[in-house]
Number of protein chains: 2
Amino acid sequence: MNIKNIDSPEMRSWLALSHVNISISKLQHFFENYSSITDLFELSEKQLQSLGFRQGLKEKLGSIDDARLEQDLAWFDSENKHLLPYTSHDYPPLLREIDSAPKILFVHGQKEVLKQHQIAIVGSRNPTPQGKDNAIEFARTLGKAGAVITSGLALGVDGFAHQSVLDKGLPTIAVAGTGLDRVYPARHKTMAQKIVENGALVSEFAIGTGVRATHFPARNRIISGMSLGTLVVEAAVKSGSLITARLAMEQGREVFAIPGSIHNPLARGCHALIKQGVKLVETAEEIIEELSALAIWQNESLLQPEKDTNKAVEGFTLDKEYQELIEHIDYDTTSMDCIVERTGLEIDVVSHMLLLLELNDHIVSVAGGYQRRSS
Amino acid sequence: MNIKNIDSPEMRSWLALSHVNISISKLQHFFENYSSITDLFELSEKQLQSLGFRQGLKEKLGSIDDARLEQDLAWFDSENKHLLPYTSHDYPPLLREIDSAPKILFVHGQKEVLKQHQIAIVGSRNPTPQGKDNAIEFARTLGKAGAVITSGLALGVDGFAHQSVLDKGLPTIAVAGTGLDRVYPARHKTMAQKIVENGALVSEFAIGTGVRATHFPARNRIISGMSLGTLVVEAAVKSGSLITARLAMEQGREVFAIPGSIHNPLARGCHALIKQGVKLVETAEEIIEELSALAIWQNESLLQPEKDTNKAVEGFTLDKEYQELIEHIDYDTTSMDCIVERTGLEIDVVSHMLLLLELNDHIVSVAGGYQRRSS
């Protein structure tokens, strides 16, 4: 579903839901039975409960203030402001794969960048000078190689990573922990405006949502969830960056960490990750190489290390393993169990490969499994 | 076998063998059939070949110059000079386990230290100031914890490690790549003399053997082979230290590497090792902890870490919401469903909060849910 008319009944329904705690899994169940989100507001408490929604939802849905909705709608005052329900074609495809995907995203900027290959760069709000340099250098090299740099708009590593690619006219995505009507931290207001022009600001939080500490871990799952991989530049052992890294791991995404001196307290978070098996990286090229090796789009222009421009680029053919996997997927719905059985591959491996195939439009994820698309 | 009488026929036989290339595996086969090494010199060429020795060994054994042997014997001019065939009770027990154990060791110093728990510290001949400090600090902490520090007497990391423990009156072992009648590098002559008093100089090379590049990798296998584990402090990607680390891995021993800035060329060898799965260490205590299990297994005295009283405790103040969430979690296992029900929060929100609490050691994730930890 694409919301074209900002003031459609569907739009109002999704906006209203931005004020209600409902998990995507419940909504998925709802959509197995109903076609439009507007229907949700027509159901009785009993019907809602029979769909698995928690007690009292009817009352909650009914209590959403109309004035509040009008305020929300007023935010959508320009063409580059979007509301993307998870059912939208514009919703970031990798994010849809995670367990706790946001049901809607507010987007301010170029929504197209959300579908591009993203690499998250996260780290300390107060990095060492070397950490700052590394954030800038890695972001620039990855950006030039065609990755969109995604981060959290925070001070420190986040900001340096965003600014580094902005300075080169390259796109970047900032995921906010507040509603998009405000910028936190305020010091990044100018940067946020540039991101709108050259990328996108993204939030799952309702318009008007202020700064709340508990929202930041939630924000972090979107940063890692949209990205192929997450790079931790410098981080203390107990820090939000380590939460992002852990979420990325749980989401089955790649995580990379830059090592540092054992006397640098901000290297300890990275070292802790490396001890857990996260990949130690010394150059951005290693990240590009790793993600290209994983990705079936290795022959596309994206994620080509600068150094490799002389390498002959062959046709857009799928790797043999991916071609074989596709052949195990029917044009009708094929369940995950069935694919695992047919291929004899581990479920982790299969799900990662399916993700990439879906991202490249070879297959489509549907209720109950996957369908092959005619090529 | 212990050689007590320096000028015994056995001693002369082993000394003679220091000039002949014979692998320990062939000698083991010989000892299955004969009881004394002197018998080797009585066998015919045919008998020797039937035991698997190479053609021409008889002639080689016969050609060993008596004058040369007298010179060798002249080196044993004090009670702290020893010849240890691999059959000796004094031979380092871990070294005997490796595939290419030296058939004999020349030892100058306190041969008892060879049977103590050793940890090898190796690294660049020209470390950075931080590398030097790390060598000194790790050696001292490991030495104080009861490990004998073993290294290669080279300039740089080797020397700093030896000197660090010598300064504390603790034992250290230096494995030389030359005969023990000379000290290489000459600059370490005074240090070598202190090592003799406070530990041991060790070599497999015949008296009179000079500096030969090919001998250093052979020397390195003894350093790693005598040790429970090998720590690489700082090393270039192509360096002798990395050879030692590789040998240690092949010998099934633990290897540890200290990370560093990605802009430090001497951290690259360590990073290369970590990428291969070698353990990244930030403190000597981690090595002690890791190796203590092995030491217990050997039923010998444990490595005791010094109490680290200065360890900084990083603060983390809980938000009110988190404090409330904790109060809904029991010290017994509390299921996710139960936590969701008690808090009335959405599962997504709860799971992210739990993650943060777990990262901060307030709760622990167990089968079936979470447990609160006593603070």
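Chain A of this predicted model has a mean pLDDT of 88. In chain A, 91% of the residues reach 70 or more. For the complex, the predictor gives an ipTM of 0.74 and a pTM of 0.77.

**Confidence in chain A**

- Where pLDDT is low, predicted coordinates should not be read in detail.

**Extent of the interface**

- On chain B, 32 residues are in contact with 35 residues of chain A.
- The two chains bury about 3000 Å² between them.
- Carbon and sulfur atoms account for 57% of that buried area.

**Polar and charged pairing**

- Six salt bridges are counted between chain B and chain A.
- One salt bridge joins B:Glu282 to A:Lys275, with the closest N and O atoms 2.9 Å apart.

**The chain B side**

- Four helices of chain B each supply at least two residues to the side touching chain A: helix 7 (129-144), helix 12 (268-275), helix 14 (320-327) and helix 16 (347-359).
- Helix 16 of chain B gives the most to this side, with eight residues.
- The residues on this side of chain B divide into 13 nonpolar, eight polar and 11 charged.

Notes: Residues numbered from 1 in each chain as written. Chains lettered and ligands numbered in written order. Predicted model: local features only at pLDDT ≥ 70, side-chain atom pairs only at ≥ 80, totals over all residues. Heavy atoms only, no water. Contact = heavy atoms within 4.5 Å. Buried area = accessible area lost by both parts, 1.4 Å probe. Salt bridge = Lys/Arg side-chain N within 4 Å of Asp/Glu carboxyl O. Nonpolar A, V, L, I, M, F, W, Y, C, P; charged D, E, K, R; others polar. pLDDT = per-residue confidence, 0-100.
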